[in-house]
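Subject: Structure for your files

Hello,

Here is the structure I said I would pass on. My notes on it follow below.

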Amino acid sequence: MSTPAGRITLADVARRAGTSTAVVSYVMNNGPRPVAAATRERVLAAAADLGYRPNRIARALRSRTTGVVGLVLADALNPYFGALARHVEQALAGHGRLMLIGNAGYSAERQRHLVERFLAAQVDGLVIASADAGDDVSGHARAAGVPAVFLHNGP
């Protein structure tokens, strides 16, 4: 392990597997080039032995996508919003996405703050179960070029 804090890199896996970092990348990313089955197995075994985990931040820098979606709930204590969060998380996980949750506590100010924080974290999308149907935070998402879905709990 040649990296700080014991982080395992593609280079570490490549050394263990006896292959190049490009081949390890192809295996970990399922492409863009095919890898022989025996080599794939050797790379996967080396990654497992070393405890390799892909660096989500490095991948985000390369792909310009984080794989993360922010969910802003009007109130996490409300069973409706808890169930909604569960279903949204399941749907996102089925597409390989990770969900971050923020609780607005029925506060429009807190909702705006959460949207700004999620946008600063470079989320790929937002789902907002609005704390206030009159508080439009869509402009923030639109200005950042981030797709957003809005659900309103008000009349």
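Two residues are in contact when heavy atoms of theirs lie within 4.5 Å. On that basis, 52% of the contacts in the protein with a separation of 6 or more are between residues 24 or more positions apart. Please keep in mind that this is a predicted model.

Overall make-up

The protein has 155 residues, and 35% of them count as buried. Its accessible surface is about 9,400 Å², with 55% of that belonging to carbon and sulfur atoms. The secondary structure consists of 7 helices and 4 strands, and along the sequence the order is α-α-α-α-β-α-β-α-β-α-β.

Helices H1 and H3

Helix H1 covers residues 10-17 and helix H3 residues 37-50; the two pack with their axes 8 Å apart, at an angle of about 120°. H1 is therefore oblique to H3. Their crossing is right-handed. On the H1 side the contact is made by Asp 12, Val 13, Arg 16 and Ala 17, and on the H3 side by Arg 42, Val 43, Ala 46, Ala 47, Asp 49 and Leu 50.

The buried residues in H1 are Asp 12, Val 13, Ala 14 and Ala 17, and they pack against both helix H2 (21-28) and H3. An α-helix has 3.6 residues a turn, so residues three or four places apart point the same way. After H1 comes Gly 18, which has a positive phi near 70°.

Helices H2 and H3

H3 also packs against H2, here at an angle of about 90° and with the axes 10 Å apart. These two helices are therefore roughly perpendicular to each other. From H2, the residues involved are Val 23, Val 24, Tyr 26, Val 27 and Met 28; they meet Thr 39, Arg 40, Val 43, Leu 44 and Ala 47 of H3.

Thr 66

One loop residue is also worth a look. Thr 66 sits between helix H4 (56-63) and strand E1 (68-73). Is Thr 66 buried or exposed? Its relative accessibility is 16%, so Thr 66 counts as buried, the cut-off being under 20%. A polar atom of the Thr 66 side chain lies 3.1 Å from the backbone oxygen of Gln 122.

Regards

Terms used:
Residues are numbered from 1 along each chain as its sequence is written. This is a predicted model: local features need pLDDT of at least 70, side-chain atom pairs count only at pLDDT 80 or more; totals for chains, interfaces and linings use all residues. Side-chain values use heavy atoms; hydrogens and water are left out. Buried means under 20% relative accessible area, exposed over 50%, partly exposed in between (1.4 Å probe, protein chains only). A polar contact is a pair of N or O atoms within 3.5 Å; within protein, one must be able to donate a hydrogen and the other to accept it, and residues adjacent in sequence count only if both atoms are side-chain atoms. Accessible areas come from the Shrake-Rupley method with a 1.4 Å probe; for residues, only the protein chains shown count as cover. Axes are lines fitted to C-alpha atoms, for helices over the stretch in contact, and angles run from 0 to 180 degrees between N-to-C directions. Angles under 35 degrees count as roughly parallel, over 145 as roughly antiparallel, 65 to 115 as roughly perpendicular and the rest as oblique. A crossing is left-handed if the near helix is turned anticlockwise from the far one by less than a right angle, and right-handed if clockwise.
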